[in-house]
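Okay, thanks for coming, everyone. Have a look at it first.

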Amino acid sequence: MTPQPPENQDKDLPDDGPEPRAHDCPDARPEGTRRAGADAAGPGSAASGGRWSDLDRPPLNAMGLRRALVRPGGLWTSLDVVPATGSTNSDLAARAANTPEGAVLVAEEQTAGRGRLDRRWSAPPRSGLFFSVLLKPRVPVERWGWLPLLAGVATATALSRAAGVDTALKWPNDLLVTCPAAESPADLRTVDVEAGEERKAGGILAERAADGVVLGIGLNVSLRADELPVPGAGSLAMAGARNLDRDPLLRAVLRSLEQWYGQWQHADGDPADSRLQETYAAGCATLGRHVRAELPGDRVLSGEAVAVDGDGRLVLATEDGVQQPVSAGDIVHLRPGEGGWGRG
């Protein structure tokens, strides 16, 4: 279900393989990290809860990320990594008026991360990617609604290449992964998770800020089944990703986002000319399924999801033969025989 990129999408992108990290090779840890064990307590030790207290989840390399992503003529103009914050979206939105387009804010931990409908997003420190970017599109404002869908396509495309994970898109802003069968009863990636089950591993939140949009992306990377915050959550680890190193994953997502955003702007925000609409539809797990749309005002609409229209709305075919576009709401994928048809 992963969206496929346009022709030559990756031609100009370096092939970022996984760098040696603490969780990949015990002998390739940065200098000093071997002292963070039982034989030496100190500022970097597990006992002190310091920078390298969790060797399976090393911190991001902010300097390396800036060197790889921030360049003259590119979209990304700054990149900051903070140990913890309430919400990267809120922080970036607060300074959007005086910040150039292309600012990236990454948090190792979010204590008040938000999703759509004011849902909370929580995860252990350094277990995922939690970041926001500031965009100031030069396209008609009525087309800005495509930005969260664009971010979904860009993220899914990047994860297919950099992590080897088939990521599907749930309209409008969720990233789904499929969990394989457990390799053993002790396999914490898939404990209490049904083989072949779709689970939400990421989400996207777009918010207007000053003269632009703050686009937030949250992605569970190394989260284990016993750490899941809510039923239905998942992670790249639980999906059997071949790479859990967050540095190359973040680089891949931001480069993919830069390319899709540039292509969309070059087409003046037209989702058809930029191939965004067809690519989103190709990777959308919602299309072709019976769904229940929980709409504002406590209304409910059920039907088959048949298309994503030119405005980014989900089109439902109801049992009375009407094709009804949905622009906002909570979408529930229904299993065969579940939920039924009808309107409420």
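So, let's start with E9, which is mostly covered: nine of its nine residues are buried, where buried means under 20% relative accessible area, exposed over 50%, and partly exposed in between, using a 1.4 Å probe and protein chains only. Strands here (E, at least two residues) and helices (H or I, at least four) are DSSP runs, numbered from the N terminus.

Before I go on, the housekeeping. This is a predicted model, so to speak of a local feature we need pLDDT of at least 70, side-chain atom pairs count only at pLDDT 80 or more, and totals for chains, interfaces and linings use all residues. Residues are numbered from 1 along each chain as its sequence is written, and side-chain values use heavy atoms, with hydrogens and water left out.

Back to E9. Which residues point which way? Gly212, Val214, Gly216, Gly218 and Asn220 go one way, Val213, Leu215, Ile217 and Leu219 go the other, and all are buried.

Now its partners; two strands pair if DSSP finds at least two bridges between them. Strand E5, residues 128-135, runs antiparallel to E9 over eight bridges, and Leu135 has Val213 as its bridge partner in E9. E8 and E9 also pair in the antiparallel sense, over eight bridges, with Gly203 opposite Gly218. E8 and E9 make a hairpin with two residues between them.

Buried or exposed? Ala210 has 51% relative accessibility, so it counts as exposed.

Asp298 is another non-glycine with positive phi, near 60°. You'll find Asp298 in the loop between E10 (290-295) and E11 (299-308), and at 76% relative accessibility it counts as exposed.

One more backbone item: the peptide bond joining Trp171 and Pro172 is cis, with omega about 0°. Pro172 is in the loop between E6 (168-170) and E7 (174-179).

Last, the helix. H4 covers residues 246-266, 21 residues, and spans 30 Å from first C-alpha to last, close to the 30 Å expected; that expectation is 1.5 Å times one less than the number of residues. Of those 21 residues, 17 are buried, so H4 is largely enclosed by the rest of the structure. At its start, a side-chain oxygen of Asp245 comes within 3.2 Å of the backbone nitrogen of Asp247. After H4 comes Asp268, with a positive phi near 55°.

Technical notes. Polar contact = N/O pair within 3.5 Å; in protein donor to acceptor, adjacent residues only side chain to side chain.
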